[in-house]
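User: Please take me through this structure, starting with a charged pair and moving on from there.

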Amino acid sequence: MAADKSLVAVTCTAPINIAVIKYWGKRDEELILPINSSLSVTLHQDQLKTTTTAVISKDFTEDQIWLNGRKEDVGQPRIQACLREIRRLARKRRSTDDKDPLPLSLSYKVHVASVNNFPTAAGLASSAAGYACLAYALAQVYGVEHDLSEVARRGSGSACRSLYGGFVEWQMGEQADGKDSIARQVASELHWPELRALILVVSAEKKPTSSTVGMQTSVETSPLLRFRAEAVVPARIAEMTRYIKERDFQGFGQLTMKDSNQFHATCLDTFPPISYLNDVSRRIIHLVHCFNTHHGQTKVAYTFDAGPNAVIFTLDDTVAEFVAAVRHSFPPESNGDKFLKGLPVRPALLSDEVKAALDMDPTPGVIKYIIATQVGPGPQILDDPQAHLLGPDGLPKPAA
């Protein structure tokens, strides 16, 4: 990218990630440093992604940002933190590279447009994908080749995990300045090709208690959270890493469920208590345990973030039967043909034994739809200029 260009545009995509060892609670609110390490699975962008275009130009008079077509306040502290951090890294890189004078483009203002292909703020890790994508796109336009963990983390803690594909650990770090609080890949997206994820969308509404506020209250009031961070998580990170490396689904699935349950226990231990799960979430938990008990082994595993939607991990040979079990227990209301999105799943018949084992009366219409997906790669650059969300004038292109 020539430094003298009066306009530079880059479009990237970034994935969401689902933590199997949860992050909940910060030790530094401003730098977004966690009280414990966490470990996540990056999901495939063919099904769930954020797309972001960043354009810098000498003609722009101010930074501007659009999310899902709506102009947003670029002054939001977290957006500002990302912009400050990327510009600092760009200046640092240029000043260490003596023969290269500071390009004018460092003083250029940036226009950013971002769209999600899934509901924002519905507990589907939209902020993680969004800020990872923002950090990645800004790094491209400003010519930064540094580890972007810190830039993404300043936007949303879990965003640093979306900078990599496959299986990713966000190491909490020990330094007060957060320089060692970074994401690293534990295994690539090609490591466990049979692993699948099913997202059961219970609600696409915005959640009642935002993660930021919820976490802060938990840190202030929950003794259980402190115990979890200090006494439970370190061993679990090591254990989960081993299960992933060995592709041990039994171990992976059980620990994923236990850690999800413990995270939600710390929410209930918060004062006043926070409950992100609803009755449908609890029915899904019951369904999973009945299904596994029937099979005599852990074939499916649930995890819930700060919202009622379930993410189910399983192997490809179990997907069809489990989707049939979900359809049986939670019959789709009217969108039978649109109930299943994402990867194709062949229809399967449930045996009478499984139906009997599920031990629940069907509740129609409470699961809106299922997204079938798999483990995927980190952020990607889109080379096609048609993909840009902003036109040459730096304004959003009219929707086609």
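**Charged pairs, a helix and a sheet**

User: Is R87 buried or exposed?

Analyst: R87 has a relative accessibility of 13% and therefore counts as buried. Buried means under 20% relative accessible area, exposed over 50%, and partly exposed in between, with a 1.4 Å probe and protein chains only. Please note that this is a predicted model, in which local features need pLDDT of at least 70 and side-chain atom pairs count only at pLDDT 80 or more, while totals for chains, interfaces and linings use all residues. Residues are numbered from 1 along each chain as its sequence is written, and side-chain values use heavy atoms, with hydrogens and water left out.

User: Which residue meets R87 in a salt bridge?

Analyst: The partner is D63, at 2.9 Å from N to O. D63 lies in the loop between β6 (49–57) and β7, and R87 in helix α1 (residues 77–96), so the pair ties together parts 24 residues apart in sequence. D63 counts as buried too, at 12% relative accessibility. A salt bridge here is a side-chain nitrogen of Lys or Arg within 4 Å of a carboxyl oxygen of Asp or Glu. Helices (H or I, at least four residues) and strands (E, at least two) are DSSP runs, numbered from the N terminus.

User: How many salt bridges does the whole structure have?

Analyst: The search finds 15. One of them joins E72 and R70, whose closest N and O atoms are 3.9 Å apart. E72 is partly exposed at 24%, whereas R70 is exposed at 57%.

User: What does E72 pair with in the sheet?

Analyst: E72, in β8, is the bridge partner of I65. Strands β7 (residues 64–67) and β8 run antiparallel over 3 bridges; two strands pair if DSSP finds at least two bridges between them. The open sheet has 6 strands in the order β8-β7-β9-β6-β1-β17, with mixed pairing. β8 (70–72) and β17 (380–382) are the edge strands, each with a single partner, so one side of each has no neighbour in the sheet.

User: Changing topic: where does N292 lie?

Analyst: N292 lies in helix α7 and counts as buried, at 8% relative accessibility. A polar atom of the N292 side chain is 2.8 Å from the backbone oxygen of V300. Such a polar contact is a pair of N or O atoms within 3.5 Å; within protein, one must be able to donate a hydrogen and the other to accept it, and residues adjacent in sequence count only if both atoms are side-chain atoms.

User: What caps the N-terminal end of α7?

Analyst: N278 does, with a side-chain oxygen 3.0 Å from the backbone nitrogen of V280. After α7 comes G296, whose phi is positive, near 70°.
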